[in-house]
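Welcome! Take a moment to look over the sequence and the 3D view, and then we will walk through some of the details together.

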Amino acid sequence: MAVEKTFVMIKPDGIQREIAGEIISRFERKGLKLVGMKMIKMSREKAETHYGEHKGKGFYDELIAFITSGPVILSVWEGLEAIKIVRKVVGATSPDKAEPGTIRGDFVLCTTFNVVHASDSGETAKKEISHFFEDNEIFDYSLPLGEFLQ
Ligand code: CDP
Ligand code: MG
């Protein structure tokens with residue numbers, strides 16, 4: 001098992017619904033380490049690159065309009081198997097498949113407005129982190145019990 005970094009975005013609806021703290025807290029409680037964070041209003045260009053794989057799909061235009069509609073919180077989390085673990089904490093894309101106890105299972109009814117994005121593979125995580133963060137915006141620090149927890 002390897003220590004990995006992954007990218008998480010709290011979408012505009014997560015901020016509008018005032019559950020950003022709740023979402024961040026779920027990753028902290030899981031034992032993941034927050035190593036980068038900022039709030040931005042996403043440009044159309046950044047949004048189109050980020051969601052490039054979905055271009056041409058029926059939901060694409062609405063997704064781009066939604067993600068650029070208000071501020072988002074970008075973050076990078078580190079931990080053992082962080083990419084897979086974060087996706088589990090987030091829950092399935094489809095609201096009827098997202099299990100209770102996951103973020104989407106507990107807070108989401110609509111597939112588009114699903115409060116959080118998380119990288120889905122090692123390759124995507126690398127790409128998404130460097131798309132939104134400079135190297136000097138990612139922090140390397142220890143937690144008091146870090147060596148026992150990882
Ligand atoms: O976010 P995730 O990786 O779980 O799902 P995705 O399949 O990569 O889709 C990206 C985003 O597009 C989702 O999080 C939804 O916000 C949106 N989407 C949608 O509006 N309608 C769909 N049928 C599928 C995805
Ligand atoms: Mg995805």
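## Starting in a loop

Where is Pro-95 found? Pro-95 is in the loop between H5 and helix H6 (103–107); helices (H or I, at least four residues) and strands (E, at least two) are DSSP runs, numbered from the N terminus. Pro-95 is partly exposed, with a relative accessible area of 21%. Here buried means under 20% relative accessible area, exposed means over 50%, and partly exposed is in between (1.4 Å probe, protein chains only). Pro-95 and Asp-106 are 11 residues apart along the chain, and their C-alpha atoms are separated by 9.4 Å.

## How to read this model

This is a predicted model in which local features need pLDDT of at least 70 and side-chain atom pairs count only at pLDDT 80 or more, while totals for chains, interfaces and linings use all residues. Residues are numbered from 1 along each chain as its sequence is written, chains are lettered from A and ligands numbered from 1 in the order in which they are written, and side-chain values use heavy atoms, with hydrogens and water left out.

## The ligand and its surroundings

Now let us visit the ligand. Which residues surround ligand 1? They are Lys-11, Tyr-51, His-54, Phe-59, Leu-63, Arg-87, Thr-93, Arg-104, Thr-111, Thr-112 and Asn-114 (a residue is near a molecule if one of its heavy atoms lies within 4 Å of it). Sorted by class, this shell has 3 nonpolar, 5 polar and 3 charged residues. In this sorting, Ala, Val, Leu, Ile, Met, Phe, Trp, Tyr, Cys and Pro count as nonpolar, Asp, Glu, Lys and Arg as charged, and the others, Gly among them, as polar.

Several side chains in the shell pair up with oxygen atoms of the ligand. For Thr-93, an N or O atom in the side chain is 2.5 Å from an oxygen atom of ligand 1. A polar side-chain atom of Asn-114 lies 2.8 Å from a ligand 1 oxygen, and for Arg-87 the distance from a polar side-chain atom to an oxygen atom of ligand 1 is 2.9 Å. A polar contact is a pair of N or O atoms within 3.5 Å; within protein, one must be able to donate a hydrogen and the other to accept it, and residues adjacent in sequence count only if both atoms are side-chain atoms.

## Two positive phi angles

Some backbone angles are worth a look too. Glu-18 has a phi near 60 degrees, a positive value in a residue other than glycine. Glu-18 belongs to the loop between helix H1 (12–16) and helix H2 (20–30), and is exposed, with a relative accessible area of 73%. Glu-81, in the loop between strand E3 (72–80) and helix H5 (82–90), has a positive phi near 55 degrees.

## Buried residues

Is Lys-33 buried or exposed? Lys-33, found in strand E2 (residues 33–40), is buried, with a relative accessible area of 11%. A polar atom of the Lys-33 side chain lies 2.4 Å from the backbone oxygen of Tyr-141.

Two helix residues are buried as well. Ile-23 sits in helix H2 and has a relative accessible area of 0%, so it counts as buried. Glu-128 is in helix H7 (residues 122–132) and is buried at 7% relative accessibility. Its C-alpha atom is separated by 9.1 Å from that of Val-8, 120 residues apart along the chain.
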